[in-house]
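Please look over the sequence and the model before reading on.

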Amino acid sequence: MKQSINLREIIYIEMENKNESIASGILKYSLSAWINLIVGFLSVIITTRILAPDTYGNISIFISSTGFLMYVVSLGMDGAYIRFYNEPPGDDTKNQLLYKLLVIATLICSASCVIVSVFFYSQLSNFIFGFISRILVIAVFLYTYCQIMLRFLNITFRMGFNVKQYNIQNVFINCLARVLIIVSAFFTENYVSIILTMTVGTFIVLLFYLFKQRKEMIPVDLTGRISLSLSFSGYSEFMKFAVFSAPTYFVAYFNTFASQQIIRSNLGAYDLGIFS
């Protein structure tokens, strides 16, 4: 009888510890989300007071367009990265998987930026902003590229259970743009200058984390040798998962972008800044 009671107590204690562990894990990983919420709330109050509505409207459409473009270009590979992080496709290691994703993102963004900025920049710029600006089109692709790369690096921290670095990086990714907008607004009201400051600042943060996480990006294979191969043999399941998971984020960001585009195209950037 005593043994039965002791067994129940042990099971109960283990369940309590497990529940506490789960709750603790949720709290640790959600810390950055709460910080982002607070900073986002404060930044809206400040930016709407120091920026003219048309400036705020153009910045808002830039952010929503890059957010939408980010998930168009990545095509759900960030979700697939989470799914296959501990079970890399083919005979690849975690490092090889990350290496290939970063290289592919770099090639797609670079090629798209060159082609569009040379041949189609006027059409894209006019569609997004309502006026023609090659420099803003380049900024759109560069900022999108930074967001994609930082997304993959952030997932690496998360899946590697590096909670501290995950939270710090997550705050950087989500709050840096807001802080740079506010700081820039004290020196200029030109939205092009503010957007370029935000883009360059984000690019600098990306370079910092590429250096900081360089060990995770070295494509070391199962034999311990460095392999620069970009072979995607055995990646069929990975790509299927990516494509089928893409609509989840795609639709959400498209909704934001489309809503802002409707307001801008019908009422102008000034009214978009007010409604944003």
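What follows is a short walk through parts of this model.

This is a predicted model, in which local features need pLDDT of at least 70, side-chain atom pairs count only at pLDDT 80 or more, and totals for chains, interfaces and linings use all residues. Residues are numbered from 1 along each chain as its sequence is written, and side-chain values use heavy atoms, with hydrogens and water left out.

Begin with helix α6, residues 163-185. Helices here are DSSP runs of H or I with at least four residues, numbered from the N terminus. The expected span of a helix is 1.5 Å times one less than its number of residues. For the 23 residues of α6 that gives 33 Å, and the end C-alpha atoms are 33 Å apart, so the two agree. At Cys175, α6 bends by about 45° (the angle between axes fitted to the seven residues ending there and the seven starting there).

Now turn to the lining of the largest pocket, where α1 (2-50), α2 (53-74), α5 (134-159), α6 and α9 (236-267) each supply at least two residues. Which helix gives the most to this lining? It is α2, with nine residues.

Last, find Thr93 in the loop between α3 (77-84) and α4 (94-129). Thr93 counts as buried because its relative accessibility is 14%, and buried means under 20% relative accessible area with a 1.4 Å probe, protein chains only. A polar atom of the Thr93 side chain lies 2.6 Å from the backbone oxygen of Val220.

Terms used. Buried < 20%, exposed > 50% of the residue type's maximum accessible area, 1.4 Å probe, protein only. Polar contact = N/O pair within 3.5 Å; in protein donor to acceptor, adjacent residues only side chain to side chain.
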